[in-house]
Amino acid sequence: MTEIFSGLIPYILTGLQVTLEVTVLALGMGFLIGLALALLRVYGGKASSSIIAVVTMVIRALPHILLLLLAYFAIAAVVNLTPFWAGSLSLAIISSAYQCEILRGALLSVGAGQMMAARTLGMTRLQAIRHIILPQALRQAIPAWSNEAAIVVKDSSLVYVLGVPEILRKAQYYSARTYQPFTAFIAVAVVYFLLTFLTNRGLSALERKLRTPG
Amino acid sequence: MVEPIIRLDNIHKSYGKDDILKGISLEIMEGEVVVIIGPSGTGKSTLLRCINQLTVPNSGRVWVDGVELTDPKVDINKARRHIGFVFQDVNLFNHLNALNNISIGLKLVLGMPAPNAKEKALLELKRVGLEQKADLYPGQLSGGQKQRVAIARALAMDPRVMLFDEPTSALDPELIGEVLEVMKKLAREGMTMVCVTHEMGFAREVASRIIFMEHGVVVEEGSPEQMFANPQFNRTREFLGKISELYGKHTE
């Protein structure tokens, strides 16, 4: 029992920082890419919109682990990135496809009248998007985005296959060394649960804080 | 010779095979209050939207305050600053309180410093009798209050003309009066106004001219007295009779 607290948990937690970094990078970069794609889909020309629609559809149709491996080897062929960065970037690209859909829906949920009203005041399209549409759309997007955040927390475990020492890999090492797979994986399960739980709680709090009165 | 402040020359607009506007020409002088009436689907709103190029006509030219807005080289964002527009469905910015709904245009479009924009916004709210509601969000205001804030938002930009697209049609009957009061006050102050509305009490009281449109053309126009008492066309008489019955009463 003491071994769990003195050995297992501290050992797995050495991977926690990597898990958190991969998650934050994938979510953050995925948000920026996804937002750019969503804006192009909603406000861009027909060509860019169709291309993005096809690409995001393909990404969303394939298993994440397969995409991760494909992206990893594609990236490795072009630039020399560490598995950590290649893995995070791959997860970001995967997540951006989902975030693009979330944000597209949110952008479309803001009525066309808002854009018209902004334009009648003399705002440019860009000003209207930035100051009128986005603040409303992003608020709308929080619940769905929170779901995506939970998925990315869990998907961060996929970089395991690239040899990145995040918590699942640490648990794997521990299990191989001590022949206690069950204890090791239960501990990791608890960590993932807490991460997902806290992420959702945090985002719900943010949603309440940003809610427009009335 | 005094130039008209709004001039439309042979405006055509069609959506696919549907001809909405079939060659409308119109001159509106400074200080005029023009009320456009006509059955729904006649192109009244489209015509109004053609004035500030929210809808771009297929052909024809539009001048406002000496600037040709249909000129492809014109900076339309700059031109729109001084053309106030009030929507049937209000379209207040839902994430901003009443004050910020008004000040955001001042800050972003006119580049006014925040304290000045706030001061001006409060003044405009006062003008529509809502200075007490400055901190409330659209979701916390009644329909009539929202529309008054929307009018204040347009007025804050110091418009040369105000366009109203059925500003009371989506309101509960008991809220229409407060919006019409604000509009009447504006008319008496000398604002140039083009209003698509079926509020005949309003038309009778403040309109300098009533324009009756049907099927994308102007059927008849004239002063309220002439249009109500002695319209030239039977169709005008019939239509005016019908809407006076429907809309006229509660504002008289």
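**View 1. V35(B) and its bridge partner in β8(B).** V35(B) has C195(B) as its bridge partner in β8(B). In this predicted model, local features need pLDDT of at least 70 and side-chain atom pairs count only at pLDDT 80 or more, while totals for chains, interfaces and linings use all residues; side-chain values use heavy atoms, with hydrogens and water left out. Residues are numbered from 1 along each chain as its sequence is written, and chains are lettered from A and ligands numbered from 1 in the order in which they are written. Strand β3 (residues 33-37) and strand β8 (residues 192-196), both of chain B, pair in the parallel sense over four bridges. Two strands are said to pair if DSSP finds at least two bridges between them. Strands (E, at least two residues) and helices (H or I, at least four residues) are DSSP runs, numbered from the N terminus.

**View 2. The surroundings of β3(B).** On its other listed pairing, β3(B) runs parallel to strand β9 (residues 209-214) of chain B over four bridges, and I37(B) has F212(B) as its bridge partner there. Which residues of β3(B) point one way, and which the other? V33(B), V35(B) and I37(B) point one way, V34(B) and I36(B) the other way, and all are buried. Buried means under 20% relative accessible area, exposed over 50% and partly exposed in between (1.4 Å probe, protein chains only). Because five of the five residues of β3(B) are buried, the strand is largely enclosed by the rest of the structure.

**View 3. The six-stranded sheet of chain B.** The strands of this open sheet follow the order β6-β7-β8-β3-β9-β10, with mixed pairing. At its edges are β6 (83-86) and β10 (217-222) of chain B, each pairing on one side only. From one strand to the next, the twist averages 15°; axes are lines fitted to C-alpha atoms, for helices over the stretch in contact, and angles run from 0 to 180 degrees between N-to-C directions.

**View 4. The four-stranded sheet of chain B.** Here the order is β2-β1-β4-β5 in an open sheet with antiparallel pairing. Since β2 (18-28) and β5 (67-68) of chain B each have a single partner strand, one side of each is left without a neighbour in the sheet. Strand β1 (residues 6-15) of chain B pairs with β2(B) over eight bridges in the antiparallel sense, and I11(B) stands opposite I24(B) in β2(B).

**View 5. Cysteines without disulfides.** The structure holds zero disulfides over all chains, a disulfide being a pair of cysteine sulfur atoms within 2.5 Å. For C195(B), the nearest cysteine sulfur is that of C50(B), 17 Å away. C195(B) counts as buried, at 0% relative accessibility.

**View 6. The second largest pocket.** This pocket has a volume of about 200 Å³. On a 1 Å grid over the protein atoms alone, a pocket is an open set of points with protein on both sides within 12 Å along at least five of seven lines, whereas a cavity is a set where a 1.4 Å probe fits but cannot get out; lining residues have an atom within 4 Å of a point. Grid points are joined across faces, edges and corners, and a volume is the space filled by probe spheres set on the points. The lining includes F31(A), W145(A) and H95(B). α7(A) gives the most to this lining, with six residues.
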